[in-house]
Amino acid sequence: FNVPPEVCLGNSLTFLDQSTAPNSTVAQWLWNFDDPASGPLNTSTLASPSHVYTSTGPFNVNLQVTSNNGCVHDTTIVLRTVHPQPLASFTVDKVDVCIGSSILFTNTSDAMDGVATQFNWTMDDGNTRNTPAFNYTYSAIGTYNVSLFIFNNYGCRSTTYTKTMYVNPYPPVNAGPDKFVLQGGQVTLTPVLTATMPVTYLWTPAQYLNNPTISNPIASPPDDITYKLTITTDKGCSASDFVFIKVLKMPAIPNIFSPNGDGMHDKWVIDYLDTYPGCTVDIYNRYGQHIYHSNGYPNPWDGTINGRPVPVGTYYYIVDPKNGRKIMSGYVDVIR
C-alpha cells in the first residue's frame, strides 16, 4: 500500500491498497493502524479504508491480504505523515492604550513540526491583517477582541487565539478662567472638572502652589505666571490645558509731573494701573471741581482739559483700582 500524504491531526487519512495477487485476486484485507487508543476502529477489512489518528505517531501500519486461493501476505510501513495542529498565540506591547495610540502585535504561535505560512488576524473593528507582526491604531474607543489563527506548511490550521484590547479616552481638561491676584496675595485655581473616570492632577510649574497634585491648589505668585494642568486617567491617558495668572502690583502714583513738551514726565504715568480691569481715575482742582475722569487707564493724563493745558498748581485725585485693591487718594502737582 502507499504511504499516505501529509495530513493534519484530527483529519481523516485514507490508505490505498496496491496489493497484487499473481494468478489470483485479493479476497480479504486486514488493516492494523497501530492506534490501539481508537479501539475497534484500529482495524479495518476494507480495501482502502480511512482512519483518524488522535496522536502524531509514528505508526507501524500493517496490511495483511489473503488471496482467493488462500495465500496470505502482510507488509508494514512506518507512517510519519500525521502532523500536529499549530498553537496560535501573540503578544502586544500594551493591552490598555489611549485613543490614537499604536499597538504592536507580534505573532508567537507554535507551528509545531512545520513552519507558519499564513496568518489570519481579525481586529474586531471590521479590519484584518495577514502579517506576523504589525502596528495598529484603533480609531474609536472601546473593547476589541483581537483573534489570530495560522496555517503551517502542511496546511494544518491552528486553534483561534483571542486577546482583549482596551482603547481608552483622554480625559476632558479645562484649567478654568484666567485669574487676577493682588501682589502678595493668593488665588485659588478653579478648573472645570467633568471627568467621570478616576484621574490624577498635576500643575506645572509647581512653584508658588500649596499643592501641585490637587484639583484646586492655591497660588501665590510674585509675578505673572502661566500654569499647565495635566489630567491623567487610571489608564494612563493624559490631556493638558493652561491658565494665566496676572499679578496686580501696587500702583505707583507720582505726586508731580511736568507736561511742558520736553519729553520728560509729560504725562501722569501711574505704574501698573493699566493692569487693573475696570479701574477709575478722577481728578479735581483746588476748588473741588471735577476736571478729569477715566475708566481704565490706558492713556495717562497729559495735564489738559478738553485739549487745553491746566494751570500750574496742585490737583487732587481719587484712584479706584478695584479688583480687591482699596481706593487711593492724594494730590499731584502740575509744574512747567
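**Cores, disulfides and a buried arginine**

Author: The largest nonpolar core has 20 residues, and Trp268, Leu273, Val281, Ile283, Tyr297 and Trp301 have the most contacts inside it. Such a core is a set of buried Ala, Val, Leu, Ile, Met, Phe, Trp, Tyr and Cys residues joined through side-chain atoms within 4.5 Å; buried means under 20% relative accessible area, exposed over 50%, partly exposed in between (1.4 Å probe, protein chains only). This is a predicted model, in which local features need pLDDT of at least 70 and side-chain atom pairs pLDDT 80 or more, while totals for chains, interfaces and linings use all residues. Residues are numbered from 1 along each chain, and side-chain values use heavy atoms, without hydrogens and water.

Reader: How many disulfides does the whole structure hold?

Author: A disulfide is a covalent bond between the sulfur atoms of two cysteines. The criterion is a pair of cysteine sulfur atoms within 2.5 Å, and a search finds two. Cys8 is joined to Cys156, S to S 2.1 Å, and Cys98 to Cys237, S to S 2.2 Å. In sequence order of the bonded cysteines, the pairing is 1-3, 2-4.

Reader: Why is the disulfide of Cys8 and Cys156 called left-handed?

Author: It is left-handed because the torsion about the S-S bond is about -100 degrees.

Reader: Is Arg325 buried or exposed?

Author: Arg325 is buried and has no salt bridge, meaning a side-chain nitrogen of Lys or Arg within 4 Å of a carboxyl oxygen of Asp or Glu. The nearest side chain of opposite charge, Asp320, is 9.4 Å away; Lys and Arg count as positive, Asp and Glu as negative, with His and the chain ends not counted. The backbone oxygen of Leu248 lies 2.9 Å from a polar atom of the Arg325 side chain.

Notes. Polar contact = N/O pair within 3.5 Å; in protein donor to acceptor, adjacent residues only side chain to side chain.
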